[in-house]
Amino acid sequence: WAAIASGAFTAITTTTLNNTSAIYTYSSLGSYKHIVLLGQGIQGSVSAAVDLKIQFNNDTASNYFYGAIGAVTTTATAESGAAVDGIRFPRITAYTADTSIRFGQFMIWVPLYGGSGYKIALGHCSSGANGVAHGFTSSGTWNNTAAITSITIRENGANNLKAGTITVYGVN
């Protein structure tokens with residue numbers, strides 16, 4: 001038997017969204033085993049529940065695939081994409097006029113981001129956009145074995161993110 005090694009979440013940075021950008025890039029990731037992105041109170045600048053997507057190392061080409069399964073109110077739904085420009089996390093943002101109870105939340109894991117294997121991201125997201133419950137689990141792969149040196153989160157429609165926070169954690 002061996003003692004269980006303790007892990008720790010270390011906050012690397014927190015960004016407060018303020019309707020000035022649709023794109024946030026994090027490049028000072030440190031040397032942890034895993035990265036966790038936590039979004040709280042996410043609101044978009046349009047009247048729609050919009051997807052977020054992540055990209056690695058400034059790769060905006062069609063080098064990703066993803067799959068998502070979830071529910072919109074009481075209807076199960078699924079989506080996927082191959083040879084797309086990022087790993088998508090569906091319907092995270094609340095509408096621009098929604099109250100805070102409807103704002104979106106997400107947690108995205110990027111395990112072993114510094115390793116030499118193909119990189120994945122997996123996460124959960126939800127919002128109550130326009131009074132409609134959205135909840136999804138999504139995962140995807142980046143078709144590259146390079147160590148991740150930067151992670152970009154962007155609103156899929158290129159609209160600004162109006163409110164909320166994104167905190168990047170390193171995990172050992």
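Here are some friendly notes on the predicted model shown above.

1. **Ground rules.** Residue numbers start from 1 along each chain as its sequence is written, and side-chain values use heavy atoms, with hydrogens and water left out. Because this is a predicted model, local features need pLDDT of at least 70 and side-chain atom pairs count only at pLDDT 80 or more, while totals for chains, interfaces and linings use all residues.

2. **Secondary structure.** The protein chain has 12 strands and 0 helices. Here helices (H or I, at least four residues) and strands (E, at least two) are DSSP runs, numbered from the N terminus.

3. **Overall dimensions.** The radius of gyration of the protein chain is 16 Å, which agrees with the value near 16 Å for a compact globule of 172 residues. That radius is taken over C-alpha atoms, and the globule rule is 2.2 Å times the number of residues to the power 0.38. Along the principal axes, the C-alpha atoms fill a box of roughly 50 × 35 × 30 Å.

4. Of the 172 residues, 44% count as buried (under 20% relative accessible area, with exposed over 50% and partly exposed in between; 1.4 Å probe, protein chains only). Among contacts (heavy atoms within 4.5 Å) with a separation of 6 or more, 76% come from residues 24 or more positions apart.

5. **The nonpolar core.** Which residues touch the most other members of the largest nonpolar core? They are Phe 56 and Phe 106, in a core of 31 residues. Such a core is a set of buried Ala, Val, Leu, Ile, Met, Phe, Trp, Tyr and Cys residues joined through side-chain atoms within 4.5 Å. Leaving aside neighbours within four places in sequence, the contacts of Phe 106 include Leu 37, Leu 52, Ile 92, Cys 125 and Ile 166. In soluble globular proteins, nonpolar side chains tend to be buried together.

6. **Gln 43.** This residue lies in strand S3 (residues 34-44). Gln 43 is buried, with a relative accessible area of 5%. **Two loop residues to look at.** Thr 73 sits in the loop between strand S5 (64-72) and strand S6 (75-84), and has a phi near 55°, a positive value in a residue other than glycine. Thr 73 is partly exposed, with a relative accessible area of 49%. Arg 91, in the loop between strand S7 (87-89) and strand S8 (104-111), also is not a glycine and has a positive phi of about 45°.
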